[in-house]
Amino acid sequence: MAQKRTKFEFSPSLCHRHIMDNTPQQLSYTGGDVKTWQRKLRRKLKQLLGDTPSEKTPLNVQSIWTKQHPLGSIEKIVFTAQPHADVPAYLCLPKNATPPYNFIICVQGHSTGMHNSIAVDFKTESKKITVEGDRDFGLIAMAQGCAALCIEQRSFGLRQENHQKSSSPEYCHDAAMQALFLGQTLIGQRIYDVDRAIDYLTQRGDANLKRLAIMGNSGGGTISTFAAAVLPRIQIAMPSCYFCSFKDSIMAMFHCSCNYVPALYKYAEMSDILGLFAPKPVIIVAGKNDPIFPIKATQQQFQKLKTIYRAANAENNCQLVVGPGEHRFYANLAWPKFNQALQKL
Ligand SMILES: [Zn+2]
């Protein structure tokens, strides 16, 4: 007869943790030629991120309005990423710069969306609002002399689910789950939108493509990280409040369903994902007291990322900026590092 037990493990996460502790990550970097390793992991990652359209549809760019701002001009556009998936965006051109512009693609996290990037209210897009945590990415970029394309991510802001009935407990649940049923992931679809945004910037002809950048905080940090890993046209990245270990963040507490890529944990940790961007410059931003992406695990993963960058002869191209607060962006600490790295490109 089994020994009498007084302690039981009823929570599913306990079993998951045990599985994680006993899962060797098959394509994690363990040394050797970085490019060869990147090819293998990138191929697997793209497969896990799910199907993407087999051919690109015309962008069919529509201009909605243009407004002057003390820092430059802001144009609202809509482009078509794929059939029945239109992407609104703000194109911010700084008045203190001339073409070809340094462009940064800005993605908001879980929030009411891209209107935060230019600090106006959601409804009128003209009434000024105060944006907490330096999330007015487009305005800050313009102040730095950098042009910005602030795109709306699927399931946020103007792209929230409004067509079918939803009692979803969070922004992304329906889209994330339905994407999985189709053999896709919401992360993969959001990356596809970024890829089409790059098509738009390329088509414009006024972007310096050698300095093409991406940034975002939280759910925008997620897409900045994964897009950098798989889209070769991105040259510099500034992901914020996302880089950590999967084990200590999205696998350790509640995180939105849009974070999960089927089976990814069997192959790689977060340092491996961002390691796919080596040797290109990355400025990682973190909050010392971020409760959902714990700093200790961020620092440990950063050391692993450094190992990959060192092996790629580019140790100084990966930097970690730690702000003194919680889960937010830290513009004053991050932008000077970003500008320094940009000047070297
Ligand atoms: Zn989400």
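**Zinc site**

I looked up the donor spacing of the zinc ion first, and along the chain it reads H-x61-C-x83-C-x1-C. I note here that the model is predicted.

Next I listed the donor atoms. The zinc ion takes NE2 of His110 and the SG atoms of Cys172, Cys256 and Cys258.

I then checked the geometry. The angles subtended by the four donor atoms run from 103 to 116°, which makes the arrangement tetrahedral. My cut-off for that label is that all angles lie between 85 and 135 degrees.

Where do His110 and Cys172 lie? I placed His110 in the loop between strand 4 (103-107) and helix 3 (137-143). Cys172 sits in the loop between strand 5 (147-151) and helix 4. The two are 62 residues apart in sequence, so the pair ties together separate parts of the chain.

Is Cys172 buried or exposed? I read 0% relative accessibility for Cys172, so this residue counts as buried. His110 has a relative accessible area of 31% and is therefore partly exposed.

**Largest pocket**

I turned to the pockets. The largest pocket has a volume of about 600 Å³. Its lining holds 20 residues. Nearest its centre I find His84, Ala85, Arg154, Glu161 and Ala175. Strand 3 (85-94) and helix 4 (173-181) are the elements that give two or more residues to this lining. Helix 4 gives the most, with four residues.

I sorted the pocket lining by class. I get ten polar residues, five nonpolar and five charged.

**Cavity**

How many cavities of 30 Å³ or more does a search of the whole structure find? I got one. The largest cavity has a volume of about 40 Å³.

I wrote down the residues that line the largest cavity: Lys76, Tyr90, Met114, His115, Phe122, Glu125, Glu152 and Leu158. By class, four residues of this lining are nonpolar, three are charged and one is polar.

**Whole protein**

Last, I looked at the overall fold. I count nine helices and nine strands in the protein. The radius of gyration is 20 Å, close to the 20 Å from the globule rule for 345 residues, so the protein is as compact as a globular protein of that length. Along the principal axes, the C-alpha atoms fill a box of roughly 80 × 50 × 40 Å. Of the 345 residues, 55% count as buried.

Terms used. Residues are numbered from 1 along each chain as its sequence is written. This is a predicted model: local features need pLDDT of at least 70, side-chain atom pairs count only at pLDDT 80 or more; totals for chains, interfaces and linings use all residues. Side-chain values use heavy atoms; hydrogens and water are left out. On a 1 Å grid over the protein atoms alone, a cavity is a set of points where a 1.4 Å probe fits but cannot get out, and a pocket is an open set with protein on both sides within 12 Å along at least five of seven lines; lining residues have an atom within 4 Å of a point. Grid points are joined across faces, edges and corners, and a volume is the space filled by probe spheres set on the points. Ala, Val, Leu, Ile, Met, Phe, Trp, Tyr, Cys and Pro count as nonpolar, Asp, Glu, Lys and Arg as charged, and the others, Gly among them, as polar. Donors are N, O and S atoms within 2.8 Å of the metal (3.2 Å for Na, K and Ca); water is not among the atoms, so sites may look incomplete. Four donors count as tetrahedral if all angles lie between 85 and 135 degrees; four count as square planar and six as octahedral if opposite donors are over 155 degrees apart and all others between 65 and 115; anything else is irregular. Buried means under 20% relative accessible area, exposed over 50%, partly exposed in between (1.4 Å probe, protein chains only). The radius of gyration is taken over C-alpha atoms; the globule rule is 2.2 Å times the number of residues to the power 0.38.
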